[in-house]
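Hi everyone, thanks for coming. I'd like to walk you through one model this morning, starting with a definition and then moving to a few residues.

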Amino acid sequence: MTPFELMEPETLGEALALLDPDDVSVRPIAGGTALMLMMKAGVFRPTRLVSLRRLPSKHSGISSAANGDLVIGAMTPLSSVEHSPEVARAAPVIPRAMRRLSNIRVRNVATIGGNLAHGDPHMDLPPVLIALRGEVLAVGNKGERTIALEDLFTGYFETVLAKNEIIAACRVPAQGATRAAYLKVTTGSAEDWPALGVAVAFAVEESTIKSARIVVSAATERAIRLKTAEQALAGAALDEKTFARAGDAAAAEAEGVSDIRGSAAHKRELIRVYVPRALRQAVHDGTHTSHGASRR
């Protein structure tokens, strides 16, 4: 790695002052699990890293708002989210999904803010949080703004965050009676990077599906909602024919990308198969969160 300056501010304001909106080589760093890999590979050569590790503890806590929403500080380690009683009560699909998110060593260090700000389409958490209507609070020198997670990601490793903006917190509505599930397909071990991630969330009223959300990632350039497939579910009966129609609609709608984990055509077929499986899993409370598709 090339030499770089490491700054360790103790407040969010100090951290923002150290960032440069015109210099892409100056970055904030939280857990650093992804950024360090990019640096070791020579993909990213920073001139300055602004460490957020010394920020006050309020940025690394989990609480429930008056309306039941989860509020998670951006510096909260993923393992804390995974094992939080508040998260388990408000949105049980989140800890179920996180059991196969990378490995325990990474989850102990990586933070929820860094995970979202990184913009990697292979991350497991973004599709789950998008399905749950999550949002982030971003803070910059011009003030604060709230960004719906479905609007945060704009492309491959790209977000709407400015170079001098930092995610301060993540807010997730309580799951309540919403049924939700996340499935991932890997070409290696169960906790490996997915070839496809599928998150679904929907409400049911008298065996009729309401307010459905379907999100795919990894097979696409960014985590994205499939609104045509969602429309195939709206007002439909909770049965296998409906699930199959949603799978067909999802495969037709998603713009897959080819990479080392499979061709775009292969990933479209995965979407066709796994959207119904995720819907079926949500009906059964998502007791299993990962399916391997090993090619070894």
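This is a predicted model: local features need pLDDT of at least 70, side-chain atom pairs count only at pLDDT 80 or more; totals for chains, interfaces and linings use all residues.

A quick definition before we look around: a polar contact here is a pair of N or O atoms within 3.5 Å; within protein, one must be able to donate a hydrogen and the other to accept it, and residues adjacent in sequence count only if both atoms are side-chain atoms. With that in hand, look at E165, whose side chain reaches the backbone nitrogen of A162 at 2.9 Å. The side chain of E165 also makes a polar contact with the side chain of R145, at 2.8 Å.

Residues are numbered from 1 along each chain as its sequence is written, and side-chain values use heavy atoms, with hydrogens and water left out.

Back to E165. It lies in strand β10, residues 165-172; helices (H or I, at least four residues) and strands (E, at least two) are DSSP runs, numbered from the N terminus. Is E165 buried or exposed? E165 is buried, because its relative accessible area is 13%, and buried means under 20%, exposed over 50%, partly exposed in between, with a 1.4 Å probe and protein chains only. Leaving aside neighbours within four places in sequence, E165 is in contact (heavy atoms within 4.5 Å) with L19, A138, V139, G140, R145 and V160.

S211 sits in strand β13, residues 208-217, and has a positive phi of about 50° although it is not a glycine. Beyond four places in sequence, S211 is in contact with R133, A201, F202 and A203.

You'll find A218 in the loop between β13 and β14 (224-225), and A218 counts as buried, at 1% relative accessibility.

Let's zoom out to finish. The protein chain has 12 helices and 15 strands, and its C-alpha trace spans about 55 × 45 × 30 Å along the principal axes. Of the 296 residues, 51% count as buried. As for contacts with a separation of 6 or more, 61% come from residues 24 or more positions apart.
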